[in-house]
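Me: I would like a close look at one part of this model: the place where the two chains meet. Please take it step by step.

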Number of protein chains: 2
Amino acid sequence: MLRVCIIGGSGHYRYVLEGLGERVLLVGFAAGSDGEDIGKLAAAIAERKLDVRAFEDWQSMLDICQPDVVAVNCHFGDHACINIACLQRGLHVFSEKPVATTFEDLDAVRAAHRATDKCFSAMFGIRYKPWFLAAHAAVKAGEIGEVRLMQAQKSYKLGARPAFFADRDAYGGTIAWVGSHAIDWLRWISGERFESVFATQSARHNNHNGMLEVSAQCQFTMSNEVCASVSIDYLRPPTAPSHDDDRIRIVGAEGVLEVREKQVLLINGGASGARALPLPVERSIFAEFVDEILGANGGTNFFLPSAGDAFAATEASLKARQSADEYRLVEFR
Amino acid sequence: MLRVCIIGGSGHYRYVLEGLGERVLLVGFAAGSDGEDIGKLAAAIAERKLDVRAFEDWQSMLDICQPDVVAVNCHFGDHACINIACLQRGLHVFSEKPVATTFEDLDAVRAAHRATDKCFSAMFGIRYKPWFLAAHAAVKAGEIGEVRLMQAQKSYKLGARPAFFADRDAYGGTIAWVGSHAIDWLRWISGERFESVFATQSARHNNHNGMLEVSAQCQFTMSNEVCASVSIDYLRPPTAPSHDDDRIRIVGAEGVLEVREKQVLLINGGASGARALPLPVERSIFAEFVDEILGANGGTNFFLPSAGDAFAATEASLKARQSADEYRLVEFR
C-alpha cells in the first residue's frame, strides 16, 4: 500500500481525499507555507473520519511518516521549493498547479524531476470532468478535423479568498492560478505547441484583494498557425447558478465543438445542427496518478497530465503573466 | 425626396433596398470596381419591381442622376476612393465597412469628410439586430456595472465566395471584413478607447480561396484596463442551423451579459440565475442614416455609427490586421 502525505491545505487536496482507497493510505498532513491556514483540510479529514496525524512541520512529517507519495498544495509561491525537496527525497509528487511561480523555480523543478525516476503530475483536474473528457475524445477521434482556433474561458465567483491571494509572491497571479487550467486544455486537446503569447490583466474591482487580478485575457499563437484565446475573470455574480463557468470552443477544419454548461455540443458534417455528445463518467485524477506509480493500465494513463504537460502549462502560464506584466509579446523558444 | 444611387453590389446593398420608402428614391446603380459582378444587386432590384436604371460607369451615373446620397459597396479595396470622390461631390455617403483598406486611404477618407458637412456612416448593421440593441441598452442602463472584459465572436459559413475575396488588395483581409463588426461592438458597447492590439490569422483550410484568412483572433487592450478579444472564423459547418454564429460576452463589475443564438442572457444581482432580456424590434440602419441626413429625431440617432465610429472601427481593424501581418503588438496613438 502506498503511503501519502498532504502538504498544505490551500488547493485541491480533495482530489487526494476522494482518490484514497485500498491502494493508498493517508498517513499525515501539515501546512506547507508560513502562516498557512489548513483548517479546512483538517475539517475535511475529520469529516471523513480518517485517523491521520497532523504535523506542525512538513519536513518532520516526511522524516517520521516516510511516505511514498506527497500531494503539495500550499501557498502557490511555495509549491516549487517543496516539489523540489520531495523529488530530492525520492518521493512521487502530485503538485497543485502552477507547479512553480517563477521561471527560475520552474527550471529547478524540472531539473529535480530529471534527476529522479519518480512520478510527477499536477492538479489539472478539470481534464477529468465528463464534458472535458468527451471533448478531448471527440477531437482525438477526428470529429472536427484539424484544430484551427480555440476560445477557452474561465469565470469564477470571487467570494472570500484567503489573504495570500492578495500577495503576488505568495499567489503567483490569476493567469497562473486560474488561467493555467485553460492553458493546459489548449495543449492537451489540440496537441499543438505554444509559439507566442500576448496577455493583459487588471486588478480593478477586485473587492480589496490587494494585487489580485480579476480580469485577464491571453492570446496564444500555436504551431500550425492555430490561434487560441483564454479569457479569465473572477467577476461571475454571486447570484449565478454555479461557482464556475468553464468553457471551450474548438473550431476545426471540419466541425465545431463546444463545452458549455456541462455539455459538449458538436456541429460537423455528420448531422444537421448541433448535437450534445454522450458524457462518460467522471474520473479521479489522483487514482490515475496512483495507476501511473503502480504501473497499472500498462503504465499509460491517457488523461493524466505528464510531468512534461505540467511543466509546459506552467511555463505557458508564466509567459502569459510576463506578457501582461511587461506589456509585450513573449515568444516561446 | 432624397435621391440615392448604389455603387457596387458586393456588400450590404440590401440595407438600402430594405430602407427605401417615402423619403428616399433609388435612382441608379452601377458597379464600383473593375470586373465587379453586380448581378445579384440587379436581381434584387428586379425582384422588388423597382424601375431603376443600371449604369456602366458610376461616375457617369452620378453626373446624370445627381443623387443626394450614395451607398458604396463594391470590392472592399475600392471603398475608399469612391467614398472620397462622393464626399468631394457633396454627397451623403453610406459606406460598406471597412470604409478603407489601407491607413493612407483611411486618412484620405477622414480628410474628405472633414472638408464637407455631409453625413457619413458605415454598414455596421449588426448593431441593429434586436439582441445587439438590447445588449447595448442593458449595458448603458448599468445592468452589469463598469465593463471590464469582453469576448466577441464572428463565425460564418465559408460557402462560395466571389473571386475577389482571394485577393488581399481587393478584399482587405478577414479581420477587416468580418472582424470589423465585432471591433465596432467593443467600442460601441463599452465606450472605451482602443490602446493596443495583438492579432493572429491563418489562411489554412480556406478551400482554395487564395489569401483568404479563415481563422483569426485579436486581443485588444482598451482604456481603463478593459480587455477584449475577438475571434473570427469562416469554418462554421455547412450543416449548422444558421449562416452566422455572432456572439459577445460582456463581463462587468456587477454582472455578466451575453448575446448568443439571438438571445441576450443577463446575470446580475437583480435575480438568481441567468435571465433572457426582452428584445426590441429590429431597426433599419439605412432609415436612421436618412433620419440623420434629414435632421429627424432632433438630429441625434443613437444607434447609427457616426463618421467617427466608422473611422475608429476601421482603424482598429487595420491595426489588428497589421499586427497579424507583422506578428507584433500594435499600439494606438
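Predicted model: local features only at pLDDT ≥ 70, side-chain atom pairs only at ≥ 80, totals over all residues.

Now the extent of the interface. On the chain B side, 56 residues are in contact with 56 residues of chain A. The two chains bury about 4,300 Å² between them. Carbon and sulfur atoms carry 51% of that area. Within chain B, the residues that lose the most area to chain A are Arg204(B), Gln217(B) and Tyr327(B). Together they account for 14% of what that side buries.

Next, the polar side of the interface. The count is 32 residue pairs in polar contact between chain B and chain A, with both residues at pLDDT 80 or more. Eight salt bridges are found across the interface. One of them joins Arg247(B) to Glu258(A). Their closest N and O atoms are 2.6 Å apart.

Which elements supply the surface? Seen from chain B, those that give two or more residues to the side touching chain A are strand 7 (147-155), strand 8 (194-202), strand 9 (215-222), strand 10 (226-233), strand 11 (247-252), strand 12 (255-260) and strand 13 (263-268). By class, that side of chain B has 20 nonpolar, 22 polar and 14 charged residues.

How far does the predictor back this? It gives the complex an ipTM of 0.96 and a pTM of 0.96. Chain A averages a pLDDT of 96, and 100% of its residues score at least 70.

A few backbone details complete the view. Most residues other than glycine have a negative phi, and most peptide bonds are trans. In chain A, a cis peptide bond joins Lys97(A) and Pro98(A), with omega about -10°. Pro98(A) sits in the loop between strand 5 (92-95) and helix 5 (103-114) of chain A. In chain B, Lys97(B) and Pro98(B) are joined by a cis peptide bond, with omega about -10°. Lys49(A) is not a glycine, yet it has a positive phi of about 55°. Lys49(A) is in the loop between helix 2 (39-47) and strand 3 (53-55) of chain A.

How values were computed
Residues numbered from 1 in each chain as written. Chains lettered and ligands numbered in written order. Heavy atoms only, no water. Contact = heavy atoms within 4.5 Å. Buried area = accessible area lost by both parts, 1.4 Å probe. Salt bridge = Lys/Arg side-chain N within 4 Å of Asp/Glu carboxyl O. Polar contact = N/O pair within 3.5 Å; in protein donor to acceptor, adjacent residues only side chain to side chain. Helix = DSSP H or I, 4+ residues; strand = E, 2+ residues; numbered from the N terminus. Nonpolar A, V, L, I, M, F, W, Y, C, P; charged D, E, K, R; others polar. pLDDT = per-residue confidence, 0-100.
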